[in-house]
Amino acid sequence: MPELPEVETTRRGIEPHINGQTVLSVVARTKKLRWPIPSQLNKKLCNQIITSVNRRGKYLLLNSEPGTLIIHLGMSGSLRVTTPTAIAEKHDHVDIVFKKNILRLRDPRRFGAVLWTSKDPLSHKLLASLGPEPLEEEFTAQYLYQASRNRRISIKEFIMNSHIVVGVGNIYATEALFTSKIHPLRAAGKISLPRYELLVTAIKEILAGAIQRGGTTLRDFTREDGKPGYFQQALQVYGRTKQPCVVCAHPLRSTKQGQRTTTYCTQCQR
DNA sequence: ACAGTAACCTGTTTGC
DNA sequence: TGCAAACAGGTTACTG
């Protein structure tokens with residue numbers, strides 16, 4: 001569920017609780033999520049200090065002197081800061097135990113990941129070939145325009161590809177295409193530079209706005225304190241199939257693209 | 001290199 | 001009411 005705004009909301013939420021804190025122990029109750037959880041995580045992190053909490057795309061990076069714990073929340077993951085005595089529930093797979101609290105990973109569908117690297121995390125196989133951060137200056141219309149030449153894939157699948165740009169998932173891709181009036185099925189290679197300008201602006205504004213509101217909570221996304229985000233109230237098309245377009249009142253239509261639902265306005269988006 | 005599809009899971013909602 | 005199918009915020013791996 002978490003897209004970039006939800007992961008960034010999580011990062012900002014957990015950072016003040018764990019940055020500079022010493023790990024007392026690591027408890028893994030599950031052998032594997034998407035991939036096996038590294039054994040000996042307790043040995044690696046016990047008595048180590050968390051020196052920074054970073055994000056790259058939808059990956060969270062908990063740095064320490066000997067290495068980095070890489071966490072991905074997948075579709076249903078969330079991190080919470082709990083009291084040291086809170087009882088772990090059914091889908092609570094990993095605890096990073098500190099003196100005053102526990103950082104607890106919950107992930108019912110187990111599409112998430114917990115990985116360890118003792119090298120530069122950005123050179124890790126899964127991170128090395130990621131596209132630019134959408135909120136950084138390097139993410140421009142010119143970049144998307146050039147990257148999309150001769151690509152026949154639809155624009156929606158194109159911007160959801162993390163090797164093109166990170167952090168744009170189904171909700172925000174759907175919203176950004178509506179805002180920039182681009183039809184989600186249009187071939188990425190057949191979109192003009194001016195239209196990419198509109199799209200890039202929309203992506204940046206929508207992601208920034210969602211972070212400001214603490215992310216989108218549809219069903220079970222929660223912040224580190226268990227509270228929801230408030231961006232769902234600002235969604236204009238996602239989840240609104242058959243309801244009237246907020247611009248022209250024409251009923252919104254849905255289709256499937258790469259196993260994901262896309263909702264769009266047949267009148268406004270071309 | 002690119003495009004299309006299946007796969008990994010569980011919980012909740014929808015439809016007969 | 002019951003049950004099966006469909007659906008859910010992600011991403012890799014495999015095939016052609």
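**Buried charges, cores and domains**

At 6% relative accessibility, E8 counts as buried, and in this predicted model its side chain meets that of R11 in a salt bridge with an N to O distance of 3.1 Å. R11 is likewise buried, its relative accessible area being 14%. Both residues belong to helix 1, which spans residues 4-18, and they are separated by 3 residues, about one turn of the helix.

A second pairing is found between R56 and E133, whose side chains form a salt bridge at 3.0 Å, N to O. Because R56 lies in strand 2 (residues 52-56) while E133 is placed in the loop between helix 3 (125-128) and helix 4, this pair ties together parts that are 77 residues apart in sequence. R56 counts as buried at 16% relative accessibility, and E133 is buried with a relative accessible area of 10%. In a further salt bridge, the side chains of D92 and R106 meet at 2.7 Å, N to O; D92 is in strand 6 (residues 92-98) and R106 in strand 7 (residues 102-106), so that distant parts of the chain, 14 residues apart, are linked. D92 is buried, with a relative accessible area of 3%, whereas R106 is partly exposed at 27%. Salt bridges with shared partners join E8, R11, R12, E15, R55, R56 and E133 into one network, and the whole structure holds 10 salt bridges.

K156, located in helix 5 (residues 155-159), presents another arrangement. K156 is buried yet has no salt bridge, the nearest side chain of opposite charge being that of E157, 8.0 Å away. The side chain of K156 does, however, reach the backbone oxygen of T261 at 3.5 Å, and among the residues that K156 touches are N170, L177, P184 and R260.

The largest nonpolar core comprises 27 residues, of which L144, I155, F158, I159, Y196, L199 and I203 touch the most other members. Two or more residues are given to this core by each of helix 4 (141-148), helix 5, helix 6 (170-179) and helix 7 (193-212), with the largest share, 8 residues, coming from helix 7. F158 is in contact with residues including L144, I153, I164, A188 and Y196. Apart from this core lies another, of 25 residues, among them V26, L41, V94 and L105.

Chain A as a whole is divided into domain 1 (4-128) and domain 2 (141-264), the C-alpha centres of which lie 28 Å apart. Between these domains, 18 residues of domain 1 are in contact with 17 residues of domain 2.

Conventions. Residues are numbered from 1 along each chain as its sequence is written. Chains are lettered from A and ligands numbered from 1 in the order in which they are written. This is a predicted model: local features need pLDDT of at least 70, side-chain atom pairs count only at pLDDT 80 or more; totals for chains, interfaces and linings use all residues. Side-chain values use heavy atoms; hydrogens and water are left out. Helices (H or I, at least four residues) and strands (E, at least two) are DSSP runs, numbered from the N terminus. Buried means under 20% relative accessible area, exposed over 50%, partly exposed in between (1.4 Å probe, protein chains only). Lys and Arg count as positive and Asp and Glu as negative; His and the chain ends are not counted. A salt bridge is a side-chain nitrogen of Lys or Arg within 4 Å of a carboxyl oxygen of Asp or Glu. A polar contact is a pair of N or O atoms within 3.5 Å; within protein, one must be able to donate a hydrogen and the other to accept it, and residues adjacent in sequence count only if both atoms are side-chain atoms. Contact means heavy atoms within 4.5 Å. A nonpolar core is a set of buried Ala, Val, Leu, Ile, Met, Phe, Trp, Tyr and Cys residues joined through side-chain atoms within 4.5 Å. Domain bounds come from an automatic or database domain assignment. Lists of a residue's contacts leave out its neighbours within four places in sequence.
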